[in-house]
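Good morning, and thank you for the time.

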Amino acid sequence: MKQHPLCSDCEPELDITRLPIPTALKCEWSAMETRRRFLGRSGKVLGWAALASLLGEAAIRSQAAGPDAKSSVTAPGRNNLGLPHFAPKAKRAIYLFMSGGPPQMDLLDYKPNLASQFDKDIPDSVRGNQQLTGMTAGQSRFPIAPSHWGFKQYGQTGSWVSDLLPYTARMVDDLTIIKSTNTDAINHEPAIMFMNTGNMNPGKPCLGSWLAYGLGSMNDNLPTFIVLQTKTNPKENNQPVSSRLWSSGFLSSEYAGVGLRSGGDPVLYLADPDGVDREVRRKMLDAVEEMNRQTLAEVGDPETNARIAQYEMAFRMQASVPELTDLSKEPQSTWDLYGPEAREPGTFAYNCLLARRMAEREVRFVQVYKRGWDVHGDVVGMLPVLCKETDRACYALVTDLKRRGLIDDTLVIWAGEFGRTVYSQGGLSAENYGRDHHPRCFTTWMVGGGVRPGITYGETDDYSYNVVKDPVHVRNFNATILACLGIDHNRLTYDFQGLDQRLTGPAPAYVVKGLLA
Amino acid sequence: MIVAERVTGVARGFIQRMRLARPAWLRVISAAILLLALPFVFRLDGHAHSDWLQFLGRFHPALLHLPIGLIVLVPALEIAGAKQPALREAAAWVLRAALALALPTLALGYMLAYGAGDTGTTVTRHMWGAIALCIALMLCLLVRPAWAAGVQRWTYPLLLTATLLTLIWTSHQGGSITHGGDYLTRYMPSHLRALFPSSRLEGVSPDSFYASSIHPVLDAKCVVCHGAGTEKAGLRLDSYANLMRGGKDGAVIVPGKPEASLLLARVTLPPGDSHFMPAEGRTPLTSDEISWIRAWIHSGATLTATSIPGIVLEEVRAEPAPQPVGDYSQLLPEIQRMKQGVGAKLVPVSTNPSDGLILRTVDVASTFGDTQLAEFQRFAPYIVEAELARTAITDGSFDTLQKFTHLRALHLEGTSITGSNLAKLNSLTQLTYLNLSGTKVNAQSIGPLKNMPHLRHLYVFNTPAQPDETAARSAP
């Protein structure tokens with residue numbers, strides 16, 4: 001039988017190193033050898049092939065990095081990216097995330113003209129052709145629901161604040177209130193993803209991970225990025241919040257947020273079991289590290305590096321976390337400020353206090369999640385509960401940072417993933433109403449290092465429905481946060497899937513200069 | 001009779017000598033009379049007239065630069081024409097073109113003032129200046145042929161010079177209407193400005209809230225249109241008396257009642273509103289300025305009050321520009337070694353070496369004492385921030401610290417210092433931030449800090465020096 005010209009059965013095996021091709025290609029080929037071994041070991045399952053090709057490039061990079069890869073283990077969060085790009089105003093940030101979407105017109109976006117328009121339909125010219133959520137798209141009417149609560153002016157700035165926020169009202173002169181924040185997404189999952197990672201699809205690194213990656217750690221004994229979840233209140237409408245929001249995406253997993261539990265031990269299994277002392281633990285870790293290094297040398301998977309760093313961090317946290325969460329030495333003035341609920345782990349007040357303690361200990365980024373703002377119905381019943389839980393604690397945190405001299409280089413951010421509609425979802429009565437999701441405008445605030453105190457930025461129309469002046473899109477919101485921390489959002493990038501990935505995404509984003517001090 | 005005959009004779013002789021055709025000077029005289037009569041026929045009495053006048057009038061600023069450019073070109077052409085005669089021929093045409101454009105510009109300007117009801121000394125001066133300028137241009141045109149023929153040597157150059165001077169003066173009046181009377185002198189070096197009459201308030205104590213906070217705001221943002229030069233709506237805001245008098249719509253300030261005060265209402269409208277002030281895209285008042293005015297009206301809008309409840313005017317001390325430090329790149333290996341040895345880190349503020357280094361001790365705080373700090377002394381010229389919070393350093397460290405002359409921020413919170421040596425920090429001339437929270441400093445020991453020129457953020461929370469509930473002096 002005549003052999004097909006392309007059949008290479010009888011020819012000697014091709015030696016890639018002798019072919020006249022660029023060295024870079026040869027390097028890539030040698031990295032493929034790793035992949036081949038990997039494939040062989042995992043039983044040649046087809047699904048693994050795709051994963052391996054994704055990892056391939058990263059593996060080349062980590063091998064090319066050579067000795068650097070090792071030193072990054074000894075100094076986690078080591079910064080060789082050339083950051084900060086310029087002298088930062090804030091060294092750290094605390095992000096109070098109001099998950100669910102707080103209703104802006106009931107809190108800070110005062111609309112005096114609404115009172116006279118109770119139960120009138122919102123004009124078509126205002127609503128335009130906006131797509132609504134499935135929850136209200138079928139409504140035959142869109143009756144305007146004026147806020148149930150009164151507003152008063154406070155401070156030198158004379159900012160209008162709802163009666164629901166008596167404590168926030170005391171600090172309006174310090175706040176940078178942004179009434180024109182707007183987003184692209186109208187449902188929780190994409191919106192909260194967008195807010196945190198700059199992309200509606202999961203898989204991208206969040207703000208905290210970018211900061212950890214870009215700026216590195218200030219305290220080697222605590223994680224660079226810590227997430228605190230507030231205990232849910234069963235009376236509230238809680239939307240799920242999970243680790244996908246503080247994921248490091250395609251960045252090494254050592255930059256992912258470390259969640260502290262809201263009850264019991266803040267970190268599970270942190271204490272050594274009986275019979276294991278600190279020294280035994282150290283020896284065990286050294287042995288594991290040695291084995292991990294061998295694997296790293298063989299396989300070249302950068303995640304092995306991350307794992308080594310995480311074991312080391314856990315070892316140091318055995319000492320640092322108990323000290324961090326021990327509130328017994330807090331002076332009475334702390335409890336006077338935060339209120340009695342701050343003594344109960346898992347409350348928002350407790351988390352705010354913990355966030356202040358983390359700022360003192362130079363934790364780069366703390367994100368506190370408070371769920372329950374998804375007030376589709378019974379706004380009148382739910383909003384006072386939500387405000388009571390958060391209003392005093394926010395004020396306490398800002399005031400505490402201020403009196404301790406931390407506010408100068410800490411940026412505090414208060415934001416949800418979107419706003420809520422001025423028209424009522426479901427029945428509107430004189431006593432009660434509901435509000436649906438609203439992406440076109442929502443109110444956020446910042447305070448501290450880098451931002452201009454005592455200003456209100458942006459304006460919405462008479463219905464708090466559309467932005468009429470100085471819009472702040474989420475991309476620009478995030479670019480501004482990065483700028484406060486000394487980062488040019490266009491230059492903090494990570495090459496992944498052929499794109500210079502960045503927090504603000506490929507679309508143009510700009511720093512909102514009007515917000516900066 | 002004889003005198004009259006003689007005058008006519010002289011005039012006739014002059015006209016003959018100037019080679020003027022009778023219709024030419026008759027036309028000039030009648031045009032001049034028309035122009036001079038204009039302000040008496042259509043009086044600028046402060047009342048706005050029809051909108052279309054204003055609509056057309058607003059093209060005045062667009063058009064006016066054309067005749068100005070041409071008029072300035074004329075002497076240039078005449079002078080250059082001495083060498084290149086072709087240019088001198090062009091000058092005649094340019095002069096005619098200048099006049100042809102100056103007349104409609106004048107008309108549009110008059111429509112603008114008449115339509116909007118503008119009055120004021122600057123407006124009046126600008127108007128008469130423009131009329132004089134047009135007449136001067138016509139005269140130039142009239143006498144130029146004689147000069148070109150070599151009959152009259154001086155009349156035309158003198159007239160042209162006068163025209164130019166009139167142009168400068170008139171343009172300046174116009175600029176003052178648009179930008180404010182002190183537009184040119186506002187940023188003049190102070191020793192030069194002393195030569196000019198100042199616009200300081202007379203008879204008002206400079207300590208009063210009006211003089212320190214209200215008048216400067218009105219002066220910078222409102223007086224351009226509501227001042228001695230231009231009195232839009234009959235309102236002048238350039239003095240306390242004028243401010244309280246109000247305009248043709250009545251009083252703009254109601255003492256004690258900010259919500260009833262027209263002035264506050266107009267500056268707090270949404271910027272898109274047609275009644276929003278300052279109008280026409282001029283810089284709006286800041287939220288601070290609005291709150292000062294509100295508080296001032298609330299407290300009675302007096303001329304003499306020096307302090308207003310609820311308003312604390314901080315002494316505005318400019319944040320000093322950060323002094324760049326030298327390049328520490330040569331020292332990087334040593335900096336790396338310090339980290340291995342002492343454990344405390346020297347971290348760059350940014351990639352720009354001149355931003356300096358931060359001394360970060362948080363990882364080794366409990367073991368970082370006076371001796372460890374002393375080891376960092378040789379890096380002192382590059383260290384701009386020292387994070388020594390909760391370290392083991394004592395009062396003994398101040399001798400070392402006083403050599404860190406580039407420090408802008410110093411954290412000493414939670415240390416065991418007593419404050420007895422704080423005076424030594426006086427050598428840190430660039431220090432803007434000092435945190436002494438949770439130490440044993442007291443009111444007496446922080447006294448010497450008053451001499452520090454740039455110290456703006458001093459924190460003494462949880463110390464005997466803490467005056468009351470709030471931190472002492474903080475202006476973040």
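Let me begin with H7(B) and H8(B), whose crossing is left-handed. A crossing is called left-handed if the near helix is turned anticlockwise from the far one by less than a right angle, and right-handed if clockwise. Before I continue, please note that this is a predicted model, in which local features need pLDDT of at least 70 and side-chain atom pairs count only at pLDDT 80 or more, while totals for chains, interfaces and linings use all residues. Residues are numbered from 1 along each chain as its sequence is written, and chains are lettered from A and ligands numbered from 1 in the order in which they are written.

Helices (H or I, at least four residues) and strands (E, at least two) are DSSP runs, numbered from the N terminus. Two packed helices are described by the angle between their axes and the distance between the axes. For helix H7 (residues 121–148) and helix H8 (residues 155–179) of chain B, the axes come within 8 Å and cross at roughly 160°. Axes here are lines fitted to C-alpha atoms, for helices over the stretch in contact, and angles run from 0 to 180 degrees between N-to-C directions. H7(B) is therefore roughly antiparallel to H8(B); angles under 35 degrees count as roughly parallel, over 145 as roughly antiparallel, 65 to 115 as roughly perpendicular and the rest as oblique. Their contact has 17 nonpolar, ten polar and two charged residues. In these classes, Ala, Val, Leu, Ile, Met, Phe, Trp, Tyr, Cys and Pro are nonpolar, Asp, Glu, Lys and Arg are charged, and the others, Gly among them, are polar.

A second pair in chain B is helix H5 (residues 65–80) with helix H6 (residues 85–116), packed at an angle of about 160° with axes 8 Å apart. That angle makes H5(B) roughly antiparallel to H6(B). The crossing of H5(B) and H6(B) is left-handed. Among the residues making the contact are B:Leu66, B:Leu70 and B:Leu77 of H5(B), and B:Leu87, B:Val94 and B:Leu101 of H6(B); contact means that the C-beta atoms of two residues, placed from the backbone, lie within 7 Å. By class, this contact has 17 nonpolar, one polar and two charged residues.

Now the sheet. In chain B, six strands form an open sheet with mixed pairing, in the order S1-S2-S3-S4-S5-S6. Two strands pair if DSSP finds at least two bridges between them. Strand S1 (345–348) and S6 of chain B are the edge strands, each pairing on one side only. Strand S2 (residues 357–360) and strand S3 (residues 383–387) of chain B pair in the parallel sense over four bridges, and B:Leu357 has B:Ile383 of S3(B) as its bridge partner.

How many residues does each chain bring to the contact between the chains? Chain B gives 25 residues and chain A gives 26 residues. On the side of chain B, H13(B) supplies the largest share, three residues.

Finally, chain A, which has 13 helices and 17 strands. A:Val126 lies in helix H4 (residues 124–127) of chain A.
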